[in-house]
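Please look over the assembly shown here with attention to how its chains meet and how its copies are related. A short report follows the display.

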There are 4 protein chains.
Amino acid sequence: MTRIELQLDLNYDIGPQGADFVFNIHAAQTRQQSVWNELLTISQPVPTLLHTDPATATRFLRLSAGPGPLALNYAATIDLHHHFADPLVLAECPVPALPSEVLPYVLPSRYCESDRMAAFAIEQFGALPRGHARARAVCDWVRAHVRYAPNTTDSSTSAADTLLDRTGVCRDFAHLMIALCRALNLPARFATGTDYGGEPPAGRLDLHAYVEVWLGDRWYLFDPAGTAIPMALIRFGTGRDAADTAFATMFGEVTAYAPTVRVTAVEDIARGVLLPWRCWQALSTDGGEPMA
Amino acid sequence: MTRIELQLDLNYDIGPQGADFVFNIHAAQTRQQSVWNELLTISQPVPTLLHTDPATATRFLRLSAGPGPLALNYAATIDLHHHFADPLVLAECPVPALPSEVLPYVLPSRYCESDRMAAFAIEQFGALPRGHARARAVCDWVRAHVRYAPNTTDSSTSAADTLLDRTGVCRDFAHLMIALCRALNLPARFATGTDYGGEPPAGRLDLHAYVEVWLGDRWYLFDPAGTAIPMALIRFGTGRDAADTAFATMFGEVTAYAPTVRVTAVEDIARGVLLPWRCWQALSTDGGEPMA
Amino acid sequence: MTRIELQLDLNYDIGPQGADFVFNIHAAQTRQQSVWNELLTISQPVPTLLHTDPATATRFLRLSAGPGPLALNYAATIDLHHHFADPLVLAECPVPALPSEVLPYVLPSRYCESDRMAAFAIEQFGALPRGHARARAVCDWVRAHVRYAPNTTDSSTSAADTLLDRTGVCRDFAHLMIALCRALNLPARFATGTDYGGEPPAGRLDLHAYVEVWLGDRWYLFDPAGTAIPMALIRFGTGRDAADTAFATMFGEVTAYAPTVRVTAVEDIARGVLLPWRCWQALSTDGGEPMA
Amino acid sequence: MTRIELQLDLNYDIGPQGADFVFNIHAAQTRQQSVWNELLTISQPVPTLLHTDPATATRFLRLSAGPGPLALNYAATIDLHHHFADPLVLAECPVPALPSEVLPYVLPSRYCESDRMAAFAIEQFGALPRGHARARAVCDWVRAHVRYAPNTTDSSTSAADTLLDRTGVCRDFAHLMIALCRALNLPARFATGTDYGGEPPAGRLDLHAYVEVWLGDRWYLFDPAGTAIPMALIRFGTGRDAADTAFATMFGEVTAYAPTVRVTAVEDIARGVLLPWRCWQALSTDGGEPMA
């Protein structure tokens with residue numbers, strides 16, 4: 001088991017008309033991801049609505065804030081009970097056998113124009129053996145061919161742009177991997193949360209975007225940007241792409257400041273809580289069954 | 001009440017590897033749209049799976065067909081119990097009051113890049129009085145500024161393309177209206193089905209795409225292509241855009257032929273079944289409550 | 001006559017492999033724009049080639065610089081002998097009567113996709129009286145509908161993007177005006193140089209991009225960004241769009257710093273040199289004949 | 001020497017307002033391409049203007065036609081005196097050494113967005129030995145990765161679209177090869193004319209688009225669509241892309257019919273006139289010097 005202590009600070013300045021927010025900053029509650037000690041503090045005394053999407057367990061926090069500063073602090077302890085699988089035996093699921101709930105994830109979406117990438121994807125990956133290795137090959141291809149470069153892309157950048165321009169941030173890496181997987185009829189979805197253990201200062205962390213691909217009978221984690229130890233990825237939300245799962249969707253005049261994220265991995269060997277490591281297995285934090 | 005008798009013939013030729021299909025050709029079963037005498041005939045003796053999306057009542061028919069011809073015939077009688085509303089009293093629903101299930105329909109999607117149309121939409125429609133009249137104005141603007149021209153667009157054409165090129169078919173009209181509504185924070189979704197009563201030979205009909213906009217507390221019908229008597233619109237599916245609600249999504253090598261659609265409106269005055277007419281009210285076929 | 005004293009400082013840091021440059025920072029020498037007291041200083045002792053395009057009089061300075069800093073200082077005094085025309089009598093030139101040298105300027109180019117804007121341009125401007133007033137209407141429309149916002153666009157932004165996103169800088173304003181004019185068969189070209197007299201601190205100035213439209217028998221000035229007193233516009237280069245007339249095209253690894261531009265208008269009433277003013281006439285700095 | 005007899009028939013129906021045309025259907029007169037026995041017949045008795053662009057030798061025929069049918073017949077005999085070069089010794093010309101007239105052909109244009117392809121081009125071709133072999137590699141890559149498929153693209157399709165969608169006709173193959181070459185700082189231009197000797201019925205032919213790349217000190221022929229015997233390519237026009245060199249640019253309401261092209265290679269061994277063959281050398285039909 002992996003245990004992560006998470007702290008997240010968000011700060012905004014809101015214009016004179018006020019603004020409406022939909023946040024997705026709660027860690028998802030799933031069979032494999034238990035969230036406890038959860039504490040949310042909001043600097044304005046406003047009513048909030050916490051809505052959980054039954055299909056994905058994504059939690060949306062809705063509120064209407066008044067003019068002036070708005071600060072949110074979210075803290076939680078999260079236990080990750082990963083499902084481990086041997087990549088060598090993880091097969092692709094043929095389209096007729098895909099659960100109906102999974103089918104939409106082979107379709108194109110705002111930032112993942114898989115419909116325009118079939119020729120390329122089939123040429124590049126069509127001859128590879130089916131299974132986890134093929135999803136892995138797509139992930140590796142994206143990491144090898146896209147340059148990580150902040151401020152070269154913006155909120156309208158899509159996978160087609162990234163396939164052309166070959167530059168971007170974790171969101172763009174994720175969109176391109178997803179679009180290529182879908183072009184191969186591999187269901188893929190966008191996941192947001194936090195990473196941990198990137199190469200730079202250990203313990204450094206940030207809000208992060210990564211990918212889940214449906215293999216065998218559940219969703220498996222991939223990190224095309226390659227900055228995280230996958231075992232420590234915390235999931236906030238999943239959706240078709242960044243349109244579904246923005247950390248904050250804002251309606252109104254708002255100035256947003258860079259978030260502060262602190263992620264600590266807890267070690268408690270006596271109780272089987274180990275520090276996350278780069279394991280060779282495929283990892284899933286989604287049970288494949290309905291959430292508890 | 002409006003009663004429609006519907007018949008639909010689809011024909012395909014399937015390559016030597018066979019092909020997988022997801023059809024959306026069943027009329028949706030909702031509180032306001034009762035479907036009976038439903039008959040589906042498939043020329044190949046293959047198992048089928050009929051999946052109903054709980055959120056939208058869209059029914060998806062899945063099957064795997066073998067090589068050679070495949071014909072489907074779908075027939076049904078559909079009773080439409082419209083909800084009528086006075087357009088003058090239909091208000092827009094402010095973002096904070098939108099049901100969480102409706103919120104995704106203000107977000108951009110594959111063919112409706114509302115994120116890129118905010119400046120234009122606000123300039124063109126921002127000063128209009130809020131309410132049904134504003135959605136109507138968007139609908140009328142699209143109809144007035146886009147030229148109906150078959151074969152000028154294809155399956156990758158999006159609302160941004162149509163706003164630029166100003167040409168297309170019902171699908172493109174619908175995508176542009178939806179994108180503009182969302183850019184105004186008006187939830188809008190894509191609907192597919194059949195129309196009836198277009199100007200050409202009365203009774204002529206076709207598979208059709210139109211729009212539903214959330215006003216007050218439910219979804220109201222709009223037909224930006226302007227070819228139908230809205231009261232006779234039969235709904236098959238709804239979704240964010242054409243990616244969600246294709247009549248047929250195919251996986252494999254398939255030749256598709258033009259579908260044949262027959263739509264007949266039934267009159268039975270004694271029982272209150274009237275022929276559809278162009279009414280002045282806003283129409284909804286969606287209850288705003290969960291489906292029965 | 002208008003007399004401008006111009007000073008321009010450019011600064012670069014060049015990577016270890018060196019870099020090749022094509023500059024377009026010399027004021028064009030034309031019948032209506034006389035350049036004298038021209039002084040160019042380059043901090044590296046490298047050979048240079050000054051090439052004048054015979055068709056447009058644009059001067060290109062080519063050099064290969066070594067690693068380390070590179071500074072260019074260009075100073076010149078420029079006399080502008082404007083051709084003034086009454087806008088009311090300036091007619092559009094029908095396509096068959098256009099000089100063959102002017103014809104390419106009705107065609108689409110990299111940043112001006114006029115081929116995709118015909119429907120919009122004809123709808124918006126097709127019914128207007130032909131002549132200077134129509135070009136003026138396009139210029140005013142662009143200024144009214146695009147928001148001036150630095151850092152929202154980049155070097156790949158085109159007129160189609162700007163028509164959609166409605167935001168940009170002088171380069172984007174110019175590209176959109178050009179594309180719309182060409183869609184109306186009005187020859188239009190991109191001009192670069194310096195402006196003067198913008199609203200902010202008088203005398204403030206910058207490298208600038210504007211537009212020339214062929215009316216009657218010559219090219220007339222338009223400033224869709226609206227930041228300049230047109231009479232003080234100095235022309236460096238003209239071309240189909242920014243691809244043709246970049247201030248600096250670089251081949252190699254280069255860090256570029258913001259240029260410094262100083263523009264002073266000289267008054268010498270005794271000799272007929274007047275300060276530039278916002279006149280009502282249409283202005284041209286291009287003779288319509290071959291350059292001297 | 002290669003001798004080609006060419007016959008070209010164009011047919012149009014012109015709307016009630018008449019229409020203006022700019023044709024580029026004359027074979028270019030260059031040092032290496034002599035045109036004689038040239039005969040042009042036009043079914044309407046209208047004045048024509050034949051303009052030769054001094055920079056490229058492209059000949060533009062301008063005319064204004066009245067309502068009704070318009071037929072053009074162009075016939076000519078063309079002698080091709082190819083410059084042959086050993087591909088192994090053909091070097092790329094470094095940017096500082098490029099003639100100023102050639103420099104514009106490293107810049108992006110309407111259909112060749114080379115500015116967006118640098119990362120891809122450098123990754124794919126950056127490590128290859130410089131010279132003819134690299135241009136050859138780009139040509140082969142395009143031929144291998146784009147599928148020839150009529151009616152999948154239209155007049156707004158650009159190289160960025162083709163790099164994504166991987167399908168098109170000779171025009172699209174040429175645009176993509178040009179954009180990739182320019183992204184490598186290899187000057188490349190679009191050429192139009194006729195091909196000969198394609199695989200289907202020998203002697204079959206059509207209007208064709210191909211590519212010229214500047215190597216050593218002149219422009220060399222490449223045929224990325226791979227349908228022609230390069231030695232028999234007749235050049236009508238060259239330009240940055242299809243915007244510059246359409247066979248017919250029309251202003252007005254016109255219905256165009258498919259052109260008829262007949263190309264015959266003449267053999268006259270006694271005088272050194274040989275049938276075209278697929279030779280191993282690089283071919284140029286452009287002297288590198290000013291045209292006679």
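The report below takes up the chain contacts, the relation between copies, and one residue in its surroundings.

The model is predicted, and totals for chains and interfaces use all residues, whereas local features need pLDDT of at least 70. Two pairs of chains are without contact: chain A and chain C do not touch, their nearest C-alpha atoms being 9 Å apart, and no contact joins chain B and chain D, where the closest C-alpha atoms also lie 9 Å apart.

## The interface of chain A and chain B

The size of an interface is often given as the accessible area lost when the parts come together. Between chain A and chain B about 2300 Å² is buried, with 54% of it on carbon and sulfur atoms. On the side of chain A, the residues that lose the most area to chain B are A:Arg62, A:Arg110 and A:Phe251, which together account for 26% of what that side buries. In terms of contacts, 31 residues of chain A meet 31 residues of chain B.

Twelve residue pairs are in polar contact across this interface, counting pairs with both residues at pLDDT 80 or more, and the count of salt bridges between the two chains is four. A salt bridge joins the side chains of A:Arg110 and B:Asp115, at 2.9 Å from N to O. Strands β1 (2-23), β3 (48-52), β4 (59-65) and β13 (248-256) of chain A each supply at least two residues of the side that touches chain B. By class, that side of chain A has 14 nonpolar, eight polar and nine charged residues.

## Relation of chain C and chain D

The same surface serves both copies, since 100% of the contact residues of chain D recur in chain C.

C:Arg189 belongs to strand β9 (residues 188-194) of chain C. This residue counts as buried because its relative accessibility is 4%, the cut-off being under 20%. Its side chain makes a polar contact with the side chain of C:Glu212, at 2.8 Å. Leaving aside neighbours within four places in sequence, the residues in contact with C:Arg189 include C:Tyr105, C:Ile178, C:Arg182, C:Tyr210, C:Trp219, C:Arg235 and C:Asp286, as well as C:Glu212.

Conventions: Residues numbered from 1 in each chain as written. Chains lettered and ligands numbered in written order. Heavy atoms only, no water. Contact = heavy atoms within 4.5 Å. Helix = DSSP H or I, 4+ residues; strand = E, 2+ residues; numbered from the N terminus. Buried < 20%, exposed > 50% of the residue type's maximum accessible area, 1.4 Å probe, protein only. Polar contact = N/O pair within 3.5 Å; in protein donor to acceptor, adjacent residues only side chain to side chain. Buried area = accessible area lost by both parts, 1.4 Å probe. Nonpolar A, V, L, I, M, F, W, Y, C, P; charged D, E, K, R; others polar.
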